[in-house]
Each structure stands twice: as structure tokens, then as C-alpha cells.
Amino acid sequence: MSENGTGAVTFALTGRVDSLNAPELESQLMERLAGRAGAPVVLDASELQYISSAGLRVLLRVKKTNPDMTVTGVNSDVYEVLDMTGFTELMTVEKAYRTVSVEGCEEIGRGANGTIYRIDRDNVVKVYNNPDALEDIRHEREVARLALVLGIPTAISYDVVKVGDSYGSVFELLNASSFSKILAEQPDRMDWCVKEYVEMLRKIHGTLVPKGKLPDVRITALGWAEFMRDWLPEKAGEKLVALIRAVPHDDHMIHGDYHTKNLELQNDEVLLIDMDTLAVGHPIFELASIYNSFVGFSEYDHETIKRFQGFDRETGLTFWKKALAAYLGTTNEMKLREVEDKARVVGYARMIRRSIRRGGLDTEDGRAEIDLWKGELLELLDRVDDLTFDPDELELEALVENLPWVQEFIDSHLESTDCPPKAQMQISLAAEEIFVNIASYAYAPEKGRARVRVEVAGDPVTVTITFLDRGVPYDPLQREDPDVTLSADQRDIGGLGILLTKKTMDDVAYEYKDGQNILTLKKKI
Amino acid sequence: METPVKFDLHMHTTVSDGTDAPERMPERAREAGLRLFAVTDHDAVKGCRILRDALTEADPAFLTGVEFSCKDEQGKYHILGYGYDPETEPIQRVVRTGHGFRMKKVRARLDFLKTEFGFTFPEEEIAALFMLDNPGKPHIGNMMVKYGYAPSKEKAITEYINKVRFRSEYVRPEEAIRGILGSGGIPVLAHPAFGSGDELIVGQEMDARLKRLTAMGLQGVEAFYSGFTPKIIRQMLDFAEQYGLYVTAGSDYHGTNKLIPLGDTGLDDAMPWPDGLHRFLEEVRTRTMYGGKIG
């Protein structure tokens with residue numbers, strides 16, 4: 001028996017405690033605790049094999065004089081007895097962890113904080129990277145429960161074990177296979193995987209989380225951006241911080257590490273298995289991490305993805321493109337590129353910081369990889385002005401050759417309405433006129449970006465299309481209407497388009513606001 | 001509702017393995033603030049007969065008691081009996097049977113010590129041993145220390161006496177229950193969750209046990225006991241309600257042989273009394289009571 005710094009009396013229980021030796025144990029304890037009533041008592045049960053009710057009686061006795069009592073290192077048999085008799089309600093009982101080896105076990109998943117191995121047919125263990133992981137395990141269990149309550153299918157660990165110098169949590173995972181494994185072994189199931197993957201992602205992003213239950217990913221991302229300031233030109237660093245700061249707060253759930261190794265198919269049921277990165281925030285942060293998993297991490301070394309996911313870079317790229325298109329509900333390449341670019345801003349910032357913190361600058365390959373990502377990030381920061389995205393808005397480079405994407409974008413919005421073909425053609429022509437104008441004159445001779453917003457609402461149904469650009473202030477409506485009595489070769493061609501637009505639309509308006517040209521077309525259909 | 005009465009219905013005297021003589025118990029009970037007590041020696045009613053004659057109006061109320069060690073094919077049980085008339089034949093027959101088995105056991109142990117280790121004792125020591133109401137391992141152990149065969153009673157028991165293995169004979173639970181009922185007493189299962197003392201019987205196993213014992217005539221359970229946690233007490237109270245049983249409370253005080261204070265029954269003043277306990281105390285008021293009044 002000894003006393004530690006806090007004045008707690010510690011006492012080791014060994015072997016069996018039953019009616020034969022319980023009286024002796026009791027008198028030893030009582031003798032030791034004489035005059036120390038109320039002092040904390042720690043009973044080390046790591047060498048205790050069995051305790052009978054006579055032994056339990058001794059614990060109860062001690063508890064009466066010294067209520068602050070802890071029993072540590074309790075094996076599972078003894079724990080069961082303590083639990084059954086209600087001792088776990090009366091005092092702090094800390095379980096001993098059984099030891100599990102993952103040597104030779106199949107790695108089935110890998111997350112930000114740990115690796116998941118299959119230990120037998122029905123069970124997997126998640127081994128945490130952090131050797132002092134008990135707090136992480138408690139956190140993950142808590143958020144997994146929260147997710148389950150909120151309707152996200154996930155496995156919840158039922159035991160904590162010791163694995164080498166670290167800890168692991170054990171989950172039941174019967175007859176399950178990760179989506180990465182399916183993609184690697186059955187390439188023909190790609191589209192099915194994309195569909196299930198996106199369905200689950202939408203479910204996560206559609207889940208409203210009660211305030212304060214999960215961390216805000218934007219705060220975390222601001223940390224990455226602040227870190228990056230030291231590694232980027234001043235203006236670029238400032239812009240990165242400002243971009244992230246401008247993302248609105250969002251109380252919907254995001255997973256935070258949503259890749260195909262963390263998604264399991266168990267008897268036709270799709271399950272999430274790695275929940276410790278759960279947070280709330282805008283979906284752009286999720287898309288950033290998804291981009292990194294499937295594309296970003298293997299941009300320098302194309303073999304990286306093979307080592308991590310088990311499938312090749314081509315599969316990763318295809319999966320990313322298909323998943324993004326399915327998630328956004330569009331095949332419009334300009335729309336996909338717009339959102340991908342925003343995701344990459346956050347994604348690169350995260351990857352560069354991660355690599356630098358892990359000694360990436362110490363090796364030649366590491367430096368080359370960081371340079372590659374940094375180049376991409378700087379290029380993106382030059383043109384991306386906003387990280388949010390909106391299904392009703394298309395942001396793209398104002399180039400004449402991008403016109404088909406603008407028209408496709410508008411058409412896809414009109415598809416869901418009963419727009420008469422004539423009106424649709426008039427809208428298309430008007431949009432062409434305005435977009436070509438912007439592409440030709442707004443930034444000339446430089447290049448710039450434009451945004452096209454489409455809204456269909458009201459009664460009678462009205463289509464409103466708004467064009468925004470940051471080029472030179474210019475109101476196309478101010479120019480005089482062309483003289484249509486003149487012969488063709490004497491007329492100003494552009495002017496004719498504007499006239500046509502004014503005639504076919506119900507309303508055409510222009511304003512210059514916050515450094516932007518804003519032109520609005522309205523058409524009742 | 002009247003103020004809860006402090007009471008303890010489970011304690012041992014020198015008639016079995018306690019360290020206080022029966023005559024000392026009223027004083028002990030008074031010191032512990034008890035208004036009602038019952039002496040429950042193992043397989044013996046002698047202490048109650050002594051007390052019945054010694055008690056006065058100034059003493060706490062006294063209820064006759066006994067604790068029979070029983071066994072059948074399903075396990076071991078300690079069955080308490082309360083409020084019986086110690087002068088009647090049914091309970092005395094159970095005591096005689098139990099005493100006979102106990103004497104056979106002492107005889108077997110002494111034979112074993114002699115043949116196995118060559119330990120012998122003077123005739124008069126052995127005679128004195130058989131004169132005891134309740135001789136057992138501690139008495140043999142003490143004798144071995146006295147004659148230099150073992151350094152302590154504990155060592156004598158663990159290293160020599162416990163080496164002997166023989167089939168012990170026990171009173172059957174239905175015999176004990178019938179005897180208690182036959183002498184006007186109330187049969188109650190002692191420390192139910194601890195089985196015969198050092199087991200752990202809860203849940204379905206407890207349920208099966210109560211089903212059998214109530215069919216034999218068991219009427220109560222010792223739901224409050226010094227070694228029980230609140231969880232066990234809750235479970236026992238649920239069983240009592242389910243089976244419509246009386247509820248009792250006892251410490252299992254053994255004097256200085258065990259570190260259990262008299263009156264420590266697990267029933268604290270703040271706790272509301274279950275219906276089964278109210279009914280039990282009402283019932284025993286009509287039985288043979290000695291000493292002063294309960295409340």
C-alpha cells in the first residue's frame with residue numbers, strides 16, 4: 001500500500017478474494033485507513049482474478065468510510081460482477097483493456113486519426129494514431145451516438161482494447177466490404193458506388209445538428225488559412241483567410257473525412273465507420289477533403305492513391321468527377337469546374353499545411369509536392385472570389401467559347417418548367433447577346449469571370465436571369481437603338497442584338513453596384 | 001405515518017459463531033439504538049430460549065429468530081425463521097436434524113486430522129467440543145493452535161481442516177420452511193442475492209429460486225442486508241413485490257468475528273419503507289414477542 005501525491009491511499013487486490021480471505025483483506029484495509037476516513041482510495045485490481053460477494057462486502061465497507069473510491073484495472077469477469085451488483089454505480093470502476101494484436105490483419109479503412117483492421121470475421125478494431133487515445137475514443141463514441149440518433153447509419157464501438165502502445169475501439173462489422181475494395185475489385189460497380197456514396201453524403205449534409213454538439217469546421221479551416229499566411233505572398237494569404245471567413249455559418253453536419261474507405265457495405269446496408277472528424281459547416285469544406293482524398297493527395301505522386309485506397313489514380317479521378325456531378329445534380333462542366341475550384345482552394349491549403357507540419361520540407365519530393373500544390377493554390381486565389389456555391393448560379397470564365405455552357409445551364413433550369421419552345425429560344429438568344437457582350441468587352445484585352453444566375457418563380461411563372469461581371473462599367477441599354485431602316489452593311493451588329501433583347505423580354509434592367517455590372521433579364525412564360 | 005423504527009433482524013451470538021453471549025444482546029441492541037431485534041443463530045434456537053427468560057420491559061422488543069443452512073439439488077440457502085415458539089416440536093426437530101449433521105461433520109473432520117496428519121487431542125477436549133451447541137471449523141482450529149499443530153486458527157483452517165473432502169449432509173429447504181411454519185414462525189430467505197453467503201445470484205437465477213422456495217412456503221426475503229448495494233436492494237424489492245413477499249432487514253452481526261456493526265442493515269432512515277416491510281412488522285406484532293414494545 002502506498003500514498004500518492006494527492007493523498008489517495010492505493011491498495012493492490014490480488015488473486016482471489018472470497019469468504020476465506022475477505023476478513024483478512026478487510027482488517028488490513030481498515031487498519032490502513034484508520035484515522036484516514038474520507039481520504040480518496042484507489043484499489044488496483046489489475047492482479048485480481050475473482051471477487052466473491054464476501055469481497056464485495058469489503059468494498060462496500062470501505063466505501064462507507066471513504067466514499068471517494070476508485071477501482072482500476074478491472075478484468076472483464078470482475079467487471080461483470082461489479083456491474084451486475086451495482087458497484088459500477090457506486091464507485092469509479094475502470095476496466096482493464098484486453099490486448100489485441102493487429103499483426104497480419106487486413107487493413108480495411110484509414111481515417112485522419114487511426115487505421116481500421118479486421119480482427120476476425122465479425123469484428124474490426126480501429127487503432128488510434130495517438131498513443132493517449134482514450135479521450136479520442138470517448139469523443140468518437142459520443143459523436144457516433146449523436147450521428148446515429150440523428151439518423152446517420154454508423155457502427156458504434158462496444159469495447160476498448162490495448163493494441164501495442166496505443167488503444168483501439170472494437171466494432172462489430174459482419175460480412176462487410178469497404179467501397180474502396182468494391183471499386184478496386186469490381187470496376188463495373190463504379191456507378192452504383194457513386195450513387196450510394198452521394199446519397200449518404202446528401203443525407204449527412206441534410207442533417208441539422210443541435211447547436212454546440214459538434215465543432216465548426218470553418219474555425220478549423222481558418223486555422224489552416226492562418227498557418228498558410230507564413231507560406232504565401234501577403235496578398236494571397238490575406239485573400240485565403242478572407243475567403244474562408246466569408247463562408248456563412250452552417251449548422252448542417254459534415255463528415256470531414258468522407259472517402260470510400262470509410263464507407264462500408266454490410267449486408268446491403270451502407271454504413272459509415274469513421275466518425276471522429278464529424279463537424280458542422282458549409283459543404284465546400286467536405287468537398288475539399290473529398291477532392292484531396294481522390295485527386296489532390298496523388299497529384300504529385302500518382303501511386304499515393306493506390307497505397308491508400310487500393311485503386312488507381314484514373315479510378316479516383318473518375319469517381320470524383322462522377323460523385324461531384326451527382327452531388328450537384330448537373331453535368332454542366334463549367335458548373336463542376338466552378339465548384340471544384342472552390343473546393344481546391346480549401347483542399348490545397350489543408351494539404352500544404354499538413355505536409356509542412358509532417359516534415360514535407362525536409363525531402364526533395366516533399367518540397368516538389370508542396371511547390372506543385374502551392375502553384376495551383378496561387379493560381380486559384382487569383383481568380384476565385386467566393387467559396388460558396390449555389391445550384392442556381394454558374395460562375396465561369398467570360399469567354400465566347402463558354403457560351404454553350406451558359407445556355408446549357410439556363411436550359412437545364414427551364415427543363416423543369418413548361419416553358420414554350422418559342423420563349424425558350426428567345427431567352428437563349430437574349431442570354432447569348434448579353435454573355436457574348438461581356439466576353440468580348442468587359443475585360444478586354446484581359447480575361448475575367450462572369451456569373452449567371454437563373455431563377456424561376458412567381459405566378460405567372462417568370463424566368464429571371466442575372467449576369468454579373470467585374471469588368472469596366474458599361475450599360476448596354478444606354479446605347480441608342482439602331483436605325484433598322486438602314487441597309488444591313490450600314491448597321492451596328494451588336495446594337496441589333498440589344499434591340500431584339502429589349503423586344504422579346506418583359507423587362508431588361510442594368511445597374512452598377514459594388515464594382516459589378518449587373519444586367520437582369522425577365523421573361524414571363 | 002409513524003416514525004420509522006430502527007431495527008435489526010439478523011445477528012449471531014456465541015450459541016453459533018458470534019462473539020457476544022445471548023445475555024449481552026439486549027444491551028448491545030440498546031447501544032445501537034434498536035427498538036426491535038431478532039437473534040438468528042445458525043441451526044439453533046437456544047439463544048432465543050435464554051433471552052426469553054432474561055428480557056425485561058425496559059429492553060428493546062425481541063423477536064425469536066433462527067438461520068438454517070439448507071441444501072437441495074438446486075443449491076444452498078440460508079433460511080431465516082421469525083416469531084416461532086421455541087418450545088414447540090416442529091422447529092426443534094429441524095434443530096436436532098441440523099445439529100446431528102453438524103456433529104457428524106465434526107467427527108469426520110477430527111478423524112481426517114488424525115489419519116491424515118496424526119493430530120490427536122485429549123478425550124476431555126473432544127468431549128467439550130461436542131458439548132458446544134454449534135461446534136465447527138473455528139473451534140477445531142482453536143484446538144489445533146492450543147496443541148501446537150498450527151500457528152493460527154486461519155492457517156489451521158486453510159492448510160489442514162479444509163483439505164478434507166466429504167459429502168456434507170444438510171437440512172433441506174422444505175424441511176426448514178415446514179418446521180418454521182409448524183412452530184408459528186415466518187420463513188424468510190436470508191441475503192438472497194448472496195445465496196448461502198458467498199455466491200452471487202441475481203436475475204433469472206434468483207427468479208427460479210424464489211419460484212421454488214415460495215412454492216414450499218417461503219414468505220419473505222431479506223431485501224435489506226449490510227452487504228447489498230442499492231442496485232441489489234432494488235432488485236430484491238422488485239422480486240418481493242412480484243411474489244407478494246414480506247421484506248426484512250438484517251446486518252448479520254457476528255460481534256468481533258466480522259466487521260459488521262449491529263444495526264447496519266442497508267435500510268437507511270431516508271428510505272421509504274416498502275409495503276412488504278410494513279406488512280411484516282404488522283404481522284410479527286401478533287406473534288410471540290418478548291421484552292419491551294416495538295414503538
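1. Two residues are taken to be in contact if their C-beta atoms, placed from the backbone, lie within 7 Å. On that basis, and leaving aside its neighbours within four places in sequence, A:Val345 is in contact with A:Leu243, A:Leu377, A:Leu380, A:Leu381, A:Val384 and A:Leu387. The model discussed throughout this note is a predicted one.

2. Chain B may be described next as a whole. Its secondary structure consists of 10 helices and 8 strands, and of its 295 residues 44% are buried. If the contacts in chain B with a separation of 6 or more are considered, 75% of them are accounted for by residues 24 or more positions apart.

3. The contact between the two chains takes 20 residues from chain A and 14 residues from chain B. On the side of chain A that touches chain B, the elements that give two or more residues are helix H1 (22-33), helix H2 (53-65), helix H3 (76-84) and helix H4 (87-90) of chain A. Of these, H2(A) gives the most, with 6 residues. By class, the residues on this side of chain A divide into 10 nonpolar, 5 polar and 5 charged.

4. Helix H15 (residues 403-415) and helix H16 (residues 421-442) of chain A pack at an angle of about 145°, with their axes 10 Å apart, and the crossing of H15(A) and H16(A) is right-handed. From H15(A) come A:Leu403, A:Val406, A:Gln407, A:Ile410 and A:Leu414, which meet A:Gln424, A:Ile427, A:Ser428, A:Ala431, A:Glu432, A:Phe435 and A:Val436 in H16(A). The residues in this contact of H15(A) with H16(A) comprise 8 nonpolar, 3 polar and 1 charged.

5. Chain A also holds an open sheet of 5 strands, in the order S17-S18-S19-S21-S20 and with antiparallel pairing. Strand S17 (393-397) and strand S20 (507-513) of chain A stand at its edges, and because each has a single partner strand, one side of each is left without a neighbour in the sheet. The twist averages 15° from one strand to the next. S20(A) pairs with strand S21 (residues 516-524) of chain A in the antiparallel sense over 7 bridges, and the bridge partner of A:Tyr510 in S21(A) is A:Leu519.

6. The bond from A:Ala444 to A:Pro445 is cis, with omega near 5°, and A:Pro445 is found in the loop between H16 and strand S18 (449-457) of chain A. A cis peptide bond also joins A:Asp459 and A:Pro460, where omega is about 0°, and A:Pro460 lies in the loop between S18 and strand S19 (462-469) of chain A.

7. A:Asp514 counts as exposed because 7 other C-beta atoms lie within 10 Å, where the cut-off for exposed is 12 or fewer.

8. B:His191 also has a positive phi, of about 20°, although it is not a glycine. Its place is in the loop between strand S5 (186-189) and helix H8 (203-216) of chain B. B:His191 is buried, since 29 other C-beta atoms lie within 10 Å, where the cut-off for buried is 20 or more.

9. A last point concerns A:Phe227, which lies in helix H8 (residues 217-228) of chain A. A:Phe227 has 17 other C-beta atoms within 10 Å and is therefore partly exposed. A:Phe227 and A:Arg353 are 126 residues apart in sequence, while their separation in space, C-alpha to C-alpha, is 7.0 Å.

How values were computed
Residues are numbered from 1 along each chain as its sequence is written. Chains are lettered from A and ligands numbered from 1 in the order in which they are written. This is a predicted model: local features need pLDDT of at least 70, side-chain atom pairs count only at pLDDT 80 or more; totals for chains, interfaces and linings use all residues. Helices (H or I, at least four residues) and strands (E, at least two) are DSSP runs, numbered from the N terminus. Ala, Val, Leu, Ile, Met, Phe, Trp, Tyr, Cys and Pro count as nonpolar, Asp, Glu, Lys and Arg as charged, and the others, Gly among them, as polar. Axes are lines fitted to C-alpha atoms, for helices over the stretch in contact, and angles run from 0 to 180 degrees between N-to-C directions. A crossing is left-handed if the near helix is turned anticlockwise from the far one by less than a right angle, and right-handed if clockwise. Two strands pair if DSSP finds at least two bridges between them.
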